[in-house]
Amino acid sequence: MTTPKPFGYWLKHIDKTLEEHFAAILATEGLLRRHWQILHTLSGGPLDADALDVALSPFLNAQDPTAAPYLGVLLDRGWVALGDTGAYAITPQGLAVHANLFERIQVLRNASIEGLSDDEYRTLMDLLQRVAAKVDAFASASR
């Protein structure tokens, strides 16, 4: 009898596989995750550099403390423009690229939960949030 894989194995497996597929979708446009995050954030409306960094703060880290290095590609392609007010805005061409990528990303997201009922999905999200809270609490108490 085979021992079932532990919880962490499945989390890492799911994360790795989703990240690989997500990266492949973005690569079709020559983009990285950070480029996508900028486009997606700006699809909600213009932001100056500081506000963009605040909006992206959950994704920024010591290696990528700001979105600034990634804006150049988007500006060069004409997908983002810097307005007179100092705010970055997604252009109509950028919106078209965003819409295409978003549709493909949604297909991936939907495929990943295909076969789960709405109740099963809500239960899964509840359980994952509860586990995350426990892991966060453990990590805080261990410091």
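G72 is partly exposed, with a relative accessible area of 29%; buried means under 20% relative accessible area, exposed over 50% and partly exposed in between (1.4 Å probe, protein chains only). The model is predicted: local features need pLDDT of at least 70, side-chain atom pairs count only at pLDDT 80 or more, and totals for chains, interfaces and linings use all residues. Residues are numbered from 1 along each chain as its sequence is written, and side-chain values use heavy atoms, with hydrogens and water left out.

- G72 is placed in helix α4, where helices (H or I, at least four residues) and strands (E, at least two) are DSSP runs numbered from the N terminus.
- Leaving aside residues up to four places away in sequence, L75 touches V80, A81, L82 and Y88; contact means heavy atoms within 4.5 Å.
- V80 is found in strand β2 (residues 80-82) and is buried, with a relative accessible area of 3%.
- Beyond residues up to four places away in sequence, the contacts of V80 include L39, L42, L71, L74 and L75, as well as Y88, A89, I90 and T91.
- V80 and S43 are 37 residues apart in sequence, and their C-alpha atoms are 9.9 Å apart in space.

- Helix α2 (residues 33-42) is mostly covered, with 7 of its 10 residues buried.
- The buried residues of α2 are R34, H35, W36, Q37, I38, L39 and L42.
- The largest nonpolar core has 23 residues, and I38 and L39 are those with the most contacts inside it; such a core is a set of buried Ala, Val, Leu, Ile, Met, Phe, Trp, Tyr and Cys residues joined through side-chain atoms within 4.5 Å.
- At least two residues of this core come from each of α1 (7-27), α2, α3 (49-56), α4 (68-76), β3 (87-90) and α5.
- L39 touches L31, L74, W79, V80, I90, G94, V97 and H98, not counting residues up to four places away in sequence.
- As a general point, nonpolar side chains tend to be buried together in soluble globular proteins.

**Aromatic pairs**

- A search of the whole structure finds 2 aromatic pairs; rings of Phe, Tyr and Trp (its six-membered ring) pair if their centres lie within 6.5 Å, and planes under 30 degrees apart count as stacked, over 60 as edge-to-face and the rest as tilted.
- The pair of Y9 and W10 is edge-to-face, because the ring centres are 4.8 Å apart and the planes stand at 85 degrees.
- Y9 is partly exposed, with a relative accessible area of 35%, and W10 counts as partly exposed at 42% relative accessibility.
- W36 and F102 form a stacked aromatic pair, 6.5 Å centre to centre and with 15 degrees between the planes.
- W36 lies in helix α2 and F102 in helix α5 (residues 92-112), so this pair ties together parts that are 66 residues apart in sequence.
- W36 counts as buried at 5% relative accessibility, whereas F102 is partly exposed, with a relative accessible area of 29%.

**Charges over rings**

- K5 lies over the face of Y9, at 5.3 Å from the ring centre; a charge sits over a ring if NZ of Lys or CZ of Arg is within 6 Å of the ring centre and within 35 degrees of the ring normal.
- The charged end of R33 sits over the ring of F22, 3.8 Å from its centre.

**Largest pocket**

- The largest pocket has a volume of about 890 Å³; on a 1 Å grid over the protein atoms alone, a pocket is an open set of points where a 1.4 Å probe fits, with protein on both sides within 12 Å along at least five of seven lines, and lining residues have an atom within 4 Å of a point.
- The volume is the space filled by probe spheres set on the points, which are joined across faces, edges and corners.
- Of the 28 residues that line the largest pocket, I14, D15, L18, R109 and S112 are the closest to its centre.
- Helices α1, α2, α3, α5 and α6 (118-141) each supply at least two residues of the lining of the largest pocket, and the largest share, 8 residues, comes from α1.
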